[in-house]
Number of protein chains: 4
Amino acid sequence: VTTEEPAGRRLGKIGSGRMEAFSDGVFAIAITLLVLEITIPEGAGEDLLDAFLDQWPSYLAYVVSFATIGAIWLAHNGITEYLDRTDPGFIRLNLLLLMVVAFLPFPTRLLGEHFGEQSPERVAVTIYGLALLAASSLVSVLWRYAVHEKLVRPDAEDEDVRLLTKRLTPGLAAYALIIILGLFLPLVAVLAYLAVALFFIVPVGLLRRHLFG
Amino acid sequence: VTTEEPAGRRLGKIGSGRMEAFSDGVFAIAITLLVLEITIPEGAGEDLLDAFLDQWPSYLAYVVSFATIGAIWLAHNGITEYLDRTDPGFIRLNLLLLMVVAFLPFPTRLLGEHFGEQSPERVAVTIYGLALLAASSLVSVLWRYAVHEKLVRPDAEDEDVRLLTKRLTPGLAAYALIIILGLFLPLVAVLAYLAVALFFIVPVGLLRRHLFG
Amino acid sequence: VTTEEPAGRRLGKIGSGRMEAFSDGVFAIAITLLVLEITIPEGAGEDLLDAFLDQWPSYLAYVVSFATIGAIWLAHNGITEYLDRTDPGFIRLNLLLLMVVAFLPFPTRLLGEHFGEQSPERVAVTIYGLALLAASSLVSVLWRYAVHEKLVRPDAEDEDVRLLTKRLTPGLAAYALIIILGLFLPLVAVLAYLAVALFFIVPVGLLRRHLFG
Amino acid sequence: VTTEEPAGRRLGKIGSGRMEAFSDGVFAIAITLLVLEITIPEGAGEDLLDAFLDQWPSYLAYVVSFATIGAIWLAHNGITEYLDRTDPGFIRLNLLLLMVVAFLPFPTRLLGEHFGEQSPERVAVTIYGLALLAASSLVSVLWRYAVHEKLVRPDAEDEDVRLLTKRLTPGLAAYALIIILGLFLPLVAVLAYLAVALFFIVPVGLLRRHLFG
């Protein structure tokens with residue numbers, strides 16, 4: 001603690017460990033709250049099986065959102081693993097990312113509730129896609145910020161840094177395309193969102209090793 | 001970090017500690033959210049005691065699900081305790097397990113709400129049993145994967161590994177039988193699910209020591 | 001890991017740290033979920049201030065339950081601080097305690113919703129008191145179990161152990177008395193529950209020091 | 001453990017690490033529960049886009065509350081970072097702060113639901129402001145208590161301590177002024193609450209460096 005570093009600025013000096021713990025908490029809670037968005041309308045009465053099966057869009061939305069938040073958590077881990085330290089800007093960007101991730105249960109509910117209704121499903125799928133786009137953009141921004149501000153561990157190979165950057169980027173283009181696709185083929189768009197999440201969750205290298213290895 | 005290990009694959013390298021913390025978070029949240037599924041219908045009015053007691057299926061479902069998630073948490077601890085390291089496949093299987101565990105509050109609510117209604121209770125008990133079967137299958141798959149991929153600590157005795165494998169397996173057969181039983185005797189099935197969870201929570205050795213020791 | 005300690009029994013060997021983390025998670029979630037039980041009836045319309053103030057029983061119930069879970073968390077910390085190790089029985093008793101603590105948001109909602117209604121408020125206050133009695137009994141049982149099974153640190157002074165035992169016990173008698181009191185004077189009982197929680201939260205020694213010291 | 005320090009008082013001796021973990025848990029949960037307060041009224045039917053956009057006060061309330069809890073979390077980190085140790089009084093004050101923070105989702109819902117209704121919006125904005133004032137007052141009290149009771153690390157520079165004190169204080173005056181402002185210009189008040197949170201989240205020094213640096 002020197003006089004060059006006044007207390008006001010120190011407010012932003014969060015240890016990397018505590019920032020990770022707080023982030024993990026928000027990821028874990030957001031991913032677990034998703035289930036609260038699944039409801040069966042009252043008065044299902046005798047036809048519980050039908051009523052249960054009728055909620056398939058909610059289950060699909062649950063799976064897609066769970067996979068997406070899981071993928072973001074994995075990417076977040078990938079980023080923090082390379083970090084040497086955090087700075088106030090990183091902590092703030094991270095809070096912004098958490099704000100969008102914690103919001104995801106809401107578009108998930110919209111998707112589950114309105115899927116199958118002609119016009120609303122397009123609206124719901126579009127809102128959902130925009131939320132996913134925002135979340136994955138912020139993951140990408142967070143990583144680029146860390147690289148730009150030299151928060152990355154000095155011993156990280158340039159090759160690694162470039163590969164992680166490359167890996168985080170294509171998601172954005174994919175999301176933008178799927179949002180447009182969703183205006184015409186909502187169900188295909190939802191399945192495509194799942195595919196993007198699985199692409200991040202199941203690394204290509206891993207798949208290749210298991211399928212062809 | 002060598003060139004044999006590109007950044008893309010490193011995305012999957014989650015430290016065992018952080019994976020445990022995230023998993024514990026999801027277990028703790030899912031187990032605590034169960035209470036939100038208990039509701040007393042509006043307009044209970046003057047007969048609150050009756051209305052409260054009428055919800056006994058919800059309390060039973062709460063206890064069974066709490067015990068089951070508790071048992072899965074214990075088994076998960078048993079597994080991670082033997083782990084030397086994780087690999088990308090383990091982290092993904094673990095995410096899949098968490099997805100099913102985090103889903104359990106939903107079938108728990110169905111069970112609590114529809115128990116006592118002739119036909120829906122059979123549907124609810126069956127859905128509930130399938131969810132428990134899925135969760136415990138994934139615990140078993142997770143452990144077998146860890147053994148198969150040699151993630152287990154080298155100093156773990158073969159005997160121990162065999163015993164843990166043996167202990168995790170019979171639950172699957174039990175769940176399959178109880179699901180069929182539930183089609184005819186729903187209440188008996190629910191009590192049997194509780195018995196399975198307690199069987200895992202209260203180790204036989206411990207019981208024997210306390211009862212006969 | 002020796003052959004005297006088979007894998008089946010090892011399932012119960014949870015490190016003290018992980019048990020504390022899981023418990024802290026459940027305590028933190030249960031205490032934070034309490035707010036979800038506060039609702040203002042739809043159609044409050046223009047009289048929002050009146051509608052807001054009319055919910056005073058919900059705010060009171062929130063404060064009492066928050067203070068009680070906070071007190072249980074403090075007591076749980078007091079216990080685990082003296083622990084040298086855990087054993088399978090301790091872990092199971094702890095799960096039972098968490099099951100009751102995680103249930104508290106439900107009686108809290110009953111209390112908030114039905115206070116002020118002649119007959120239901122007696123029912124709600126009694127159910128609430130029984131839940132608090134169950135929770136504090138289990139805290140006491142947990143501590144006695146730890147002492148009896150010699151899980152307490154060898155360097156803990158006998159005096160300390162006796163004092164902690166003494167401190168945890170009177171709560172039970174107090175809760176039993178207040179439950180009976182609540183049949184006649186519900187509001188007084190609720191305030192008495194708050195007083196018990198504050199008695200645990202604010203140690204007498206601390207008060208004396210601040211008031212007279 | 002000496003005889004000068006009886007077990008009763010030891011109940012209050014929570015390690016700083018565990019108090020931080022519990023606090024971080026409550027902060028993370030409260031901030032993530034905010035999303036559950038956003039709902040679209042049933043029967044939105046074909047006009048989902050309109051219904052979605054009509055909820056803008058809920059999104060605004062979500063952002064303001066997320067930013068405020070985030071700012072309080074940052075300030076809490078700032079405080080605990082300077083702590084050498086905790087004492088029973090600090091733990092209790094901290095519980096009180098957590099009680100108010102965990103309550104914030106409720107006024108957030110009121111704000112989101114009643115904004116745009118002539119008279120109720122003034123009530124909702126005022127209640128919201130009072131809750132924020134209470135939370136930030138308690139942060140300030142917590143810090144002053146720590147300084148007064150000499151819980152601060154001996155190596156903390158006087159300058160730093162004075163600066164942190166100075167930084168935590170103006171918020172209170174600002175909140176008091178905005179509460180009065182909200183009686184006349186509710187929307188301006190909500191935006192001002194956001195500005196206060198951002199003022200804490202984005203340190204002036206940081207902004208200056210990025211904008212002019």
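Reader: Which backbone nitrogen lies 2.8 Å from a polar atom of the side chain of C:Asp87?
Author: The backbone nitrogen of C:Phe90. Keep in mind that this is a predicted model.

Reader: Where does C:Asp87 lie in chain C?
Author: C:Asp87 is in the loop between helix 4 (56–82) and helix 5 (88–103) of chain C.

Reader: Is C:Asp87 buried or exposed?
Author: Buried. Its relative accessible area is 9%, and the cut-off for buried is under 20%.

Reader: Leaving out residues up to four places away in sequence, what does C:Asp87 touch?
Author: C:Asp87 touches C:Tyr145, C:Glu149 and C:Leu151.

Reader: Switching to chain A. How many helices and strands does chain A have?
Author: Chain A has 11 helices and zero strands. Read from the N terminus, its elements are α-α-α-α-α-α-α-α-α-α-α.

Reader: What share of chain A counts as buried?
Author: 62% of its 213 residues.

Reader: And what about contacts between residues 24 or more positions apart in chain A?
Author: Such pairs make up 78% of the chain A contacts that have a separation of 6 or more.

Reader: Now the packing. At what angle do helix 4 and helix 7 of chain A pack?
Author: At about 10 degrees, and their axes are 10 Å apart. That angle makes helix 4 of chain A roughly parallel to helix 7 of chain A, because angles under 35 degrees count as roughly parallel.

Reader: Which residues meet there, in helix 4 and helix 7 of chain A?
Author: From helix 4 of chain A, the residues are A:Ala61, A:Val64, A:Ser65, A:Thr68, A:Ile72, A:Ala75, A:His76, A:Ile79 and A:Tyr82. They meet A:Tyr128, A:Leu132, A:Ala135, A:Val139, A:Leu142 and A:Trp143 in helix 7 of chain A. By type, the contact has 12 nonpolar residues, three polar and no charged.

Reader: Why might residues three or four places apart point the same way?
Author: An α-helix has 3.6 residues a turn, so residues three or four places apart point the same way.

Reader: What about helix 7 and helix 10 of chain A, what is their angle?
Author: Helix 7 (residues 118–148) and helix 10 (residues 186–201) of chain A pack at about 25 degrees, with axes 10 Å apart. That makes these two helices of chain A roughly parallel. Their crossing is left-handed.

Reader: Which residues are in that contact of helix 7 with helix 10 of chain A?
Author: Helix 7 of chain A brings A:Glu121, A:Arg122, A:Val125, A:Tyr128, A:Gly129 and A:Leu132. Helix 10 of chain A brings A:Pro186, A:Ala189, A:Val190 and A:Tyr193. The residues of this contact divide into seven nonpolar, one polar and two charged.

Reader: On to chain D. How many residues of helix 6 of chain D are buried?
Author: Nine of the 10 residues in helix 6 (residues 105–114) of chain D, so the helix is largely enclosed by the rest of the structure. Among the buried ones are D:Phe106, D:Arg109 and D:His114.

Reader: What comes just after helix 6 of chain D?
Author: D:Gly116, which takes a positive phi of about 100 degrees.

Reader: Last one. Where does D:Phe200 lie, and what does it touch?
Author: D:Phe200 is in helix 10 (residues 186–201) of chain D and is buried, at a relative accessible area of 13%. Not counting residues up to four places away in sequence, D:Phe200 touches A:Arg92, D:Ala71, D:Arg167, D:Leu168 and D:Gly171.

Reader: How far is the C-alpha atom of D:Phe200 from that of D:Gly70?
Author: They are separated by 9.2 Å, and D:Phe200 and D:Gly70 are 130 residues apart along the chain.

Methods: Residues numbered from 1 in each chain as written. Chains lettered and ligands numbered in written order. Predicted model: local features only at pLDDT ≥ 70, side-chain atom pairs only at ≥ 80, totals over all residues. Heavy atoms only, no water. Axes fitted to C-alpha atoms, helices over the stretch in contact; angles between N-to-C directions. Helix = DSSP H or I, 4+ residues; strand = E, 2+ residues; numbered from the N terminus. Parallel < 35°, antiparallel > 145°, perpendicular 65-115°, else oblique. Left-handed = near helix turned anticlockwise from the far one by under 90°. Contact = heavy atoms within 4.5 Å. Nonpolar A, V, L, I, M, F, W, Y, C, P; charged D, E, K, R; others polar. Buried < 20%, exposed > 50% of the residue type's maximum accessible area, 1.4 Å probe, protein only. Polar contact = N/O pair within 3.5 Å; in protein donor to acceptor, adjacent residues only side chain to side chain.
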